Structures are given as C-alpha cells and as structure tokens.
Amino acid sequence: MSGVPLFWYLMLSFGLFGLGLVGVMRRRNPLLMLLAVELMLNSANIALVGFARQWNNTDGQIFALVVMAVAAAEVVIGLGLVVAVFRQRLALNVDEMSSLKG
Amino acid sequence: MEPALAWIVLGLPLLGAATLAAWPSEPPRSMTRVLGVGPMVVSFLLTAWLYVQMLGENSDDRLVVSRVWEWIEIGDLSIDVALQVDPLSVMMMLVVTGVGSLIFIYSTEYMEHDRDYRRFFAEMGFFVFSMLLLVLAANFLFLIVGWALVGLASYLLIGFYYEKPPAVAAAKKAFIINVIGDLAMVIAAFILVVELGTLNYLLVFEAAPDGLGRGAVEAVTILLFVGAAAKSAQVPLHTWLPDAMEGPTPVSALIHAATMVTAGVYLIVRTHELYELAPYASDLVAITGAVTLFLAATIATVQVDVKRVLAWSTISQIGYMIMAAGLGAYGAAMYHLMTHAFFKALLFLSIGMVIHGLAGAQSLDRMGGLGRHLKFAYVATAIGVLAISGVPGTAGFFSKDEILASAWDAGDLGRVLWLVGALAAGITAFYMFRLLFRTFSGPEPEGGYGVHPQPSRWPMAAPVAVLAVLSLWGGWIQVPRGWTWIIDWLEPVIGRESIPGQQAELVTLATSIAVVAIGAAAAWWIFAVDPARPKRLAGRLVATRRLLEDQFRFDHVYDRAVVGPTRDLAEYLYRRMESGFVDGLVRGAISLARGSAMGLRAAQNGLVRTYVFVMISGVVGLGALLAWVVTR
C-alpha cells in the first residue's frame, strides 16, 4: 500500500466537516449555508473514497458518486428556495425566515 | 323448476332500490317510476312463472333448496347462503310481489306531489326485498337477517315524514318493539345451535323430534313466537302498529297486507314441525291470537282516525291467523293470510283514495257523505268491508269460517276460542260498517271538507279495481265440501291437513252469518239512520268508551313501567356518569395535549443553528454512548 495513508484522508475529511459545520451554524445567508452544507457532504465523500482505497473496495467510490448526485439535487431545490425568497423581496437572512416557529 | 328464478325475484327489488338510492340527484319522476315499479312487476311475473313450473312437478319434487355457497363454518356449525323454494315460500312470494306490485303502481300517483319521490320508492323496494329474503331463507340465520331488515325498512317508511315528531316517535316505537322480537328469535337460534348444531330448516325439523327435549322445544317455540308476536302485532307487543299509521297510506297497505305483519304467521307455519312438538307453546299462540283478535276488534269500534280503524282491524285479523296457526290449522291460517292481503290492501288503497281526494284529511269527523263525490272509492271500500266482515261469498267469508270451523273441531280450548272468534266477527262487521257509513253516507261534516273531493286517476283506480275483484272472488279457491286448493298446494310443507267436520262447518256458517248480520245492522241503526244517535249513545257509555279510546291502557302501562324508568335512568347517568366521568376524561385528554404543546413550543425557536447544534449534539452523544458500550 503506497501513497497517502488513510489517516490524512480522515484528517482532511474531519477538517472540512468542521468548517462546514461552523459555516452552517454561524452564517445567516442561505446561499452561504448551502455552500457550507455542500462542504460537509464532500468531506463525507473524501472519507468514503479514503476507506474505499484502504480496503480495495469500490463500494465507497460508488457511494460517493451517489452522494454527489443527491447533493446536486439538493442544491437545485435549495437555490430554488433562495430565488423564491429573493423574488418576494425579503431579506436573505435565515433567522428572519421563521414564521413556522412555535 | 328453475330455483335460480327465486334469486332473481329476490334480487330485482334490491337492484331497483339500490339504483334509485345511488342516483346522484333526484331522478326524473318517470325514471323513478320505471325503476321503482318495474322490478316489482317483473318479480311478480317471474314468481308466477315459478309457480306454473312448480305446478308441473310432482308434489314430492316441489321442495328445492338452492344453495350457492357456504357462508360460515365454525366447528360443526355450517351456514349456507341458500334459498328454500317450496309451496309455502312461493305462496308468500306471490302475495308479496303480487299485492306489492299493485301497491307500487298505486303509489306512483298517490305520492306524485311528494318531494321525496325517489326515497319513497327506494325504501319500498328495500322493504319488499327484506320480506322476500325472510320468506325465502333456507335457515334460521337468514330468516333472522330478513326479519331484522324488515324491521329496519318499516322504521324508515313509518318515519318517512321525518319532519313530523309523531312520525319519528312511531318509527322509533316500531323499531324498538321489533327488536324485542328479534332478540327472542336470536336466543331461539342459539338454543337450536347448542341442542342440534344446525340452523338449516330441513335438518332442524328432521332432528327435532329426537334431538330436542320437551323443555328445549317449548323454549324455542315460545321465543320464536315472541318474535312473531312483535312482528305481527299481537298482544302485548301490538302497540306499535296503530302508531305506524303515521307513514304514507301505501306504506300502511304494504305493511298490513303484503309484508311484515304476516311474517309472524308465516314463521309459525314454517316452523310448524316444532310447534307440533310443543303443545303448551301452541296453546299459548292460539290464546294470544284469540285475545288479540278480540281486544283489537273492540278498540276499533271507537277509533276516529280512518287509518287507525284499519290498523286495529289488521291486528284483529292477524289474531285470527295466529289463533288458527296455534290450533294447528296451518292451511286455514295461510288461506286467511292471502285473502286478508287482498281485502286489507283494497281497504287501505280505497281509503287512501279518499284521503288523497281530501288532501290528507284522515279523521272520520271530517268525512261523511263522500259517497256522492267519490263513487269509485265508495264501491271499492264497500267491497272491502263486505269481504273483511265475512259476508257470504266474499273472500273473508270462506277463510274466516275455515279458521272458526277448525277451532270448533280443536277440543275444549278450540270451542272457547271459537266463541271468541265468532263474537269478534260480529264486532268486525260492526266497526267496518261504521267506517263505511261514517265516511260515505250521512250528511257532510260541519264546515264542509276543506277542499273539494277529487276523484282519483287510473294509476290509483286500476290496482284498487284488481284488488276489489280479488276480494270478491278470491275466496272461491277453497270451498268447504267442494275443493281445497290451498291445503292441497301446501301439502308438501304442512302435511295433509284435516278438513273441519260437517257439524263444525254448519254451526260456524250459521253463527257467522247471524253475527255479521247483527253487527252490520247495529252499525246501520246507530250510524246511518239518525245522525244524532251516536252522540246520544256515547253519553251513556262513558267509562267503556274511555277504556276503549285508551286502547286498554297498554301504552300507559308501558310508559309507566318501561319508558319512564328508562328515561329516569338515562337522565341520572347523564348527570352523574356523562358530565362527571366521561366528559372529565375527554377534557383531561384535551388539557394534557394543550399543556404539553405549550411546554414543547419553546424548542421550536426558528433558529437553524439551534437545530443544527441539537442534531450534532445528538449524533455526538449517540456516538459516545456507542463507543462506551463497545469498549466496556
């Protein structure tokens, strides 16, 4: 087994996941929150690919491809919602989009 | 013989009723007429065809059980979906569909001005279907199903004018009393299942002589008779029938003539194998019939509502049939059932013409002298009155005399019941002629009729004419010392019935002619000769009149003994149980839901980062728990 060890894959994955998590929790602009979510999804993909390489099993890579497809679909809906909110001339601030709260 | 015909006869009225009921809106009147009357007439024609086919068979081959599939199988008990086609059921089918068809044709005109034309025909068709199921059933279970459906249909039709509180009360009363009978029949069926393990008529009758003890057979027959008494309005379960007059007149005709009240007589004849094993129950049946026929006849003499006079006369006539059935004269009972269907339908429909002509007036005080305006109704009612009174030559004469002659031959009890029956025959003539005189002859009522009496058009007149012919000549199918078509026809079901002896025939003939003549003459002397005389006589018989007008206070007793305490108990339970306990539970559930919701709404603060934080905390917490469990 040559190349980058699994440890570094996981470190990168954790790092990106942490960045994404902080982004989702800190940001209020829905566009940036979507970006952060995308970051978290791709960090998971890196972990999957890393494990797939470690165990010489392509299942993880296939799963990463599926996650990408799902992420694409999610972005379409998320952006659609953002555009819809924008066309209502409302502020792009998720803390103010809370009319369903208890 | 094609037993499938019976299924078609049974299904057609239901099909018509279901189509009418499922029609999305009120269909055109002509369509309602076709869907309402058509299935009935076709059913009647098919029944007639079945009858003709059956005539061609040997009398041993005339009993067919048409089994379609097994419906219920529990342990050894097996219940089939099956119809029993035999002379008895075919005779009942002929009466139900034949008289029913005439009433349906009549109704197309009678109900013309009613808003709920479609509902009327749908419910009538359902009624006829229930009755056909009752008479065609091949086991006690389907008998009870038909029995209960007839009760439901009568409830719907008696309460047809549901805006009128008396109609609703009458419908409720009929239903409750009928359910008492249903309950008794269900218990009887349970006893049969326990003792014999079957509900199939033929198997029960085959096994009964050896399989049922004396006590069991008496219990079963008495319980069945409670059902019969509730349906056939016998004392003390008769009080619903006079109130049932709240329904439209064709409904009364259908309930009284073709369906429902005859079901009790049919039941006793159908299960006569059991009654022959139960002498006490049979005596009870006969005595109940005699008491009923006498009480009802006396009550009918003072009624002021025309339809109530007819209602009490029905109870009285059914009493004759029940008495005959209790004494073992099943052929005579069925014979009277048939002739009664003719002349009672005739009376209701011809009186219905009067009510229709007077735009709904039913009180005898609002009538009088109508013979001049409504000649056709006058003649038709007169024929009906002659027939029910038993004037020689008419239908009622032959059948009633056969019942009385059979009673004369039935031992000491029979002689007593014969006397009661003969006496009541005189009273019957009296009250029926009273009805005739007070409606059609004499002066017009004070203040006129309110509306000008309108003669009826052909859809009402034609069925009345047919029934008039049947009431006049229908009795000739069985003539003492001549021919015995009814008894011959029913022989495969009821066995060879002994014919009353010559002495019984002669005594009955002489007596009945005498009492009918006396009754009719008394009615003529009191009500037709001098218009002021009824009032003078009424002044002298105040106590008797009051007792009769109160209908022997049966209703008062039931109110005091059953209705009142039940209402008090319900009131008590409402106050204590309902408002304290039940409502408390409901309110507690509501406040629990509301309180917990108020507490939990704080969690939904609308900030996405809070949700994310809680989610991540959950994942981390679960992961830590898992790691702790695995590594421990």
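This is a predicted model: local features need pLDDT of at least 70, side-chain atom pairs count only at pLDDT 80 or more; totals for chains, interfaces and linings use all residues.
The contact (C-beta atoms, placed from the backbone, within 7 Å) involves residues of α6(B) including Ile177(B), Ile180(B) and Glu195(B), and residues of α8(B) including Ala216(B), Leu223(B) and Lys231(B).

Helix α3 (residues 87-110) of chain B and helix α20 (residues 485-494) of chain B cross at roughly 130 degrees, their axes coming within 7 Å, and α3(B) is therefore oblique to α20(B). Here Pro87(B), Leu88(B) and Met91(B) of α3(B) meet Trp489(B), Leu490(B), Pro492(B) and Val493(B) of α20(B).

Between the chains, 8 residues of chain A are in contact with 12 residues of chain B. The table gives the residue classes, where Ala, Val, Leu, Ile, Met, Phe, Trp, Tyr, Cys and Pro count as nonpolar, Asp, Glu, Lys and Arg as charged, and the others, Gly among them, as polar.

| Contact | Residue classes |
|---|---|
| α6(B) with α8(B) | 16 nonpolar, 3 polar, 3 charged residues |
| α3(B) with α20(B) | 7 nonpolar, no polar, no charged residues |
| Side of chain A that touches chain B | 4 nonpolar, 2 polar, 2 charged residues |

Residues are numbered from 1 along each chain as its sequence is written, and chains are lettered from A and ligands numbered from 1 in the order in which they are written. Local features need pLDDT of at least 70 and side-chain atom pairs count only at pLDDT 80 or more, whereas totals for chains, interfaces and linings use all residues.

Conventions: Two residues are in contact if their C-beta atoms, placed from the backbone, lie within 7 Å. Helices (H or I, at least four residues) and strands (E, at least two) are DSSP runs, numbered from the N terminus. Axes are lines fitted to C-alpha atoms, for helices over the stretch in contact, and angles run from 0 to 180 degrees between N-to-C directions. Angles under 35 degrees count as roughly parallel, over 145 as roughly antiparallel, 65 to 115 as roughly perpendicular and the rest as oblique.
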